Amino acid sequence: MAVDLGKMADLLIAGKVEDVSNMTQEAIDEGLKPQEILDKGLIAGMDVVGQRFKACEMFIPEVLRSAKAMSAGMDKLRPLLSESEAKAAGTFVIGTVKGDLHDIGKNLVGMMFEGAGFKVVNLGIDLDTQVFVDAVKEHKPDLLGMSALLTTTMPRMGEVINALKEAGIRDQVKVMVGGAPVTEEFAKEIGADIYGANAASSVDKGREAIGK
Amino acid sequence: MKSVMPDMQPMNQTVQETPQFRVLTEDQIEQIYFAALDVLERVGSRVHQDEALQLFRDSGEAVVSDDKRVRVPASLVERALKSYPRKITLQGRNGKRSVALQKDHVYFGTGSDLPFTYDRKTGERRRTTYKDVADAARIVDYLPNFDFFMSHGIVSDAPNPQTYDRHQFMAMLEGCTKPMVVTSVDGEGLEDLWKMACLFQGGEEEFRLSPLFVAYIEPISPLTNDRTAVEKLLFAAEKGIPAMYTPCPSSGATAPATIAGMLVQSLAETLLAIVLCYLKKPGMPLIMGGVTTVMDMRTTTYSYGAPELSLASAANTDISKWLNLIMFSTGGCSDSKCLDEQAAIESTLSLLTAYLSGANLVHDVGYIDSGVNASLESLVMNDDIIGMVRQVGKGVKTDEEYLALKIIDEVGPGGEYVTHDHTYEHWKEWFLPKLMDRSDWETWNNEGSKTMSDRVNAETQRILDTHEPQPIDDATKKALKEIIDAAEKRHSK
């Protein structure tokens, strides 16, 4: 019996994490192409979730559940995708800068990126500048996200960007900054590429910046 | 190492399901009540209607003077008070028994008969028409937080001012399927509206079990009852139609300048109707009411936005509950000439207070310009305010599931709740705003920097463009028209 990718998309929309994970495995076992499972199952579902979220028909707890389902499916698929296919899905590294223990906003952004099919590396909170630099070297992400909730820790984001320049890897990655006190203007001032005003728009802007 | 959860079944608990709000103590209510009885025994109330005067005379207990003043002994008042039902459930033409009038059940609805309207196209202030009433009806039919409908505006383009009420009711019925509170020209007008309503309920007896409407009737403060008001009361008593006799005293002008004094007088006015309807025919649901507010001492305006309106109405509701009477109260209204910050502030204060007080029918929602101007936008804005107010009324649950000790334990320091099942299950209990903007600045800016009034306007237009109420079938429409035509014929002579 052929796996119904449309049904997989519906399960993903309904936030059925285990069902989506199992169905992805079934589809793989049946020999469906990983890219096809991704496009017609997982991404098709997340596209609907995105539309419904924008239309105020779905809300954060539901979206995150769907994102979790997406991520569970991606965990099965990622090892099977070709290098170019895996790269096409994108990698996102995110963390909160030194001196700032605020976690939830940054995590929300990370979860939304997972929902969009990205491989997300969540570095954590209160991070030294060097941790960001090392992570960019190690994971070669398309996007680096930094978060600060305090006006006192905001300048640290500029320091990370400068350190990336000094290490000669600034051009390898698009830098996104966000957090309640951060503005578009501030992002420009410190030389970031993208200002993420909220979790949902961060994903849209991030995708746009890297052409995905 | 995780420690073991504590036992979550304590003994000797008193749990508060909802917030508790009260203005008067029982002792204070008794003081006001005894004072009102005293007013009826010594001062009395003037009644300009012959049948009523005869009923008082025939009682052998009330005293009727030559100047039509009626004085009533406490014993008769107290006997009469025992004859009123403590509950009545209204049923809209949609067949839903959706408004259960009983102690501490709160329902919201519009006011009636506003003479003016801002034209939505031209922005000009003009007289209210049939179409305006039908539009308001559709808006209220759509808005989920409105439970009952009063006409909002007055139909000024009817063929004859003596029969406008039948046309107005028709506009209300066309647009709105919910229960109603209706105003009528006189007793004959009420009879026609009642006949129209009986077409939907399936006859007189069915109407009595599940009335479509409550008849709005008011005395003239201080202590005066005009002919048409009394006619309506007597007809309602005879047919068992629920009616409210709702004084509209303005403190400092037609009632004492103190809230307690105003409540004494307004209760005396209500109690006179309680006795009259009892003498006519015991048993009809008579609803206590009152738009109890102050006259503004700079402008002489009868204020719909004064905090005294809210306070006095809540106190009056305390009295109604003590008397076992259903209460008609006021909220969601404003003195502002347009839908602005003042309108929002005043509407919110009175809605919250009326809701917490536990009044049964909270009317005048959406009034602006001190009860002179109609505003569909105000109805739409108030719908969101009522949603917020009802949320406050939900109170705080403190059982095991709600204390969430297990969840706090699982998540631990530095964790997150947003993906937890507990959040997924409970966040839907929150109020979900339709018009309140909670977006971040960038999103708000990108979407056109819309203010509350921009959003209210857009939503009002959307409802007007899209909402079609359940239609009235042709046979009923024809029967309704026959009643209206017959009235026109009688009055054209």
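# Briefing: chains A and B of a predicted model

Chain B is divided into domain 1 (26–81), domain 2 (88–393) and domain 3 (400–429), with domain bounds that come from an automatic or database domain assignment. This is a predicted model, in which local features need pLDDT of at least 70, side-chain atom pairs count only at pLDDT 80 or more, and totals for chains, interfaces and linings use all residues. Residues are numbered from 1 along each chain as its sequence is written, while chains are lettered from A and ligands numbered from 1 in the order in which they are written. Chain A is divided into domain 1 (5–86) and domain 2 (90–210).

**Chain B overall**

- The C-alpha centres of domain 2 of chain B and domain 3 of chain B are 44 Å apart.
- Chain B contains 18 helices and 18 strands; helices (H or I, at least four residues) and strands (E, at least two) are DSSP runs, numbered from the N terminus.
- The C-alpha trace of chain B spans about 90 × 55 × 50 Å along its principal axes.
- Of the 493 residues of chain B, 49% count as buried. A residue is buried if 20 or more other C-beta atoms lie within 10 Å of its own, exposed if 12 or fewer, and partly exposed in between, with C-beta atoms placed from the backbone.
- Among contacts in chain B between residues at least 6 apart in sequence, 76% join residues at least 24 apart. Two residues are in contact if their C-beta atoms, placed from the backbone, lie within 7 Å.

**Strands of chain B**

- Strands of a sheet pair through backbone hydrogen bonds, either parallel or antiparallel. Two strands count as paired if DSSP finds at least two bridges between them.
- An open sheet of 4 strands in chain B has the order E2-E3-E1-E11, with mixed pairing. Its edge strands are E2 (63–64) and E11 (224–225) of chain B, each of which pairs on one side only.
- E2(B) pairs with strand E3 (residues 69–71) of chain B in the antiparallel sense over 2 bridges. Val63(B) is opposite Arg71(B) in E3(B).
- In strand E10 (residues 213–217) of chain B, 5 of the 5 residues are buried, so the strand is largely enclosed by the rest of the structure.
- Phe213(B), Ala215(B) and Ile217(B) point one way from E10(B), Val214(B) and Tyr216(B) point the other way, and all are buried.
- Strand E9 (residues 180–182) of chain B pairs with E10(B) in the parallel sense over 3 bridges. Val182(B) has Ala215(B) as its bridge partner in E10(B).
- E10(B) also pairs with strand E12 (residues 243–245) of chain B, in the parallel sense over 3 bridges. Here Ala215(B) stands opposite Ala243(B) in E12(B).

**Within chain A**

- The centres of domain 1 of chain A and domain 2 of chain A, taken over C-alpha atoms, are separated by 25 Å.
- Between these domains, 12 residues of domain 1 of chain A are in contact with 8 residues of domain 2 of chain A.
- On the side of domain 1 of chain A that touches domain 2 of chain A, helix H3 (34–54) and H4 of chain A each supply at least two residues. The largest share of that side, 7 residues, comes from H4(A).
- By class, that side of domain 1 of chain A has 9 nonpolar, 2 polar and 1 charged residues. Ala, Val, Leu, Ile, Met, Phe, Trp, Tyr, Cys and Pro count as nonpolar, Asp, Glu, Lys and Arg as charged, and the others, Gly among them, as polar.
- In helix H1 (residues 5–13) of chain A, the buried residues are Leu5(A), Met8(A), Ala9(A), Leu11(A), Leu12(A) and Ile13(A). They pack against helix H2 (17–29), H3 and H4 of chain A.
- Gly15(A), which follows H1(A), has a positive phi, near 75°.
- Strand E1 (residues 91–97) of chain A pairs with strand E2 (residues 119–127) of chain A in the parallel sense over 6 bridges. Val97(A) is opposite Leu127(A) in E2(A).

**Contact between chains A and B**

- The contact takes 13 residues from chain A and 10 residues from chain B.
- Helix H4 (60–77) and helix H6 (104–115) of chain A are the elements that give two or more residues to the side of chain A that touches chain B. The largest share of that side, 5 residues, comes from H4(A).
- The residues of that side of chain A divide into 6 nonpolar, 3 polar and 4 charged.
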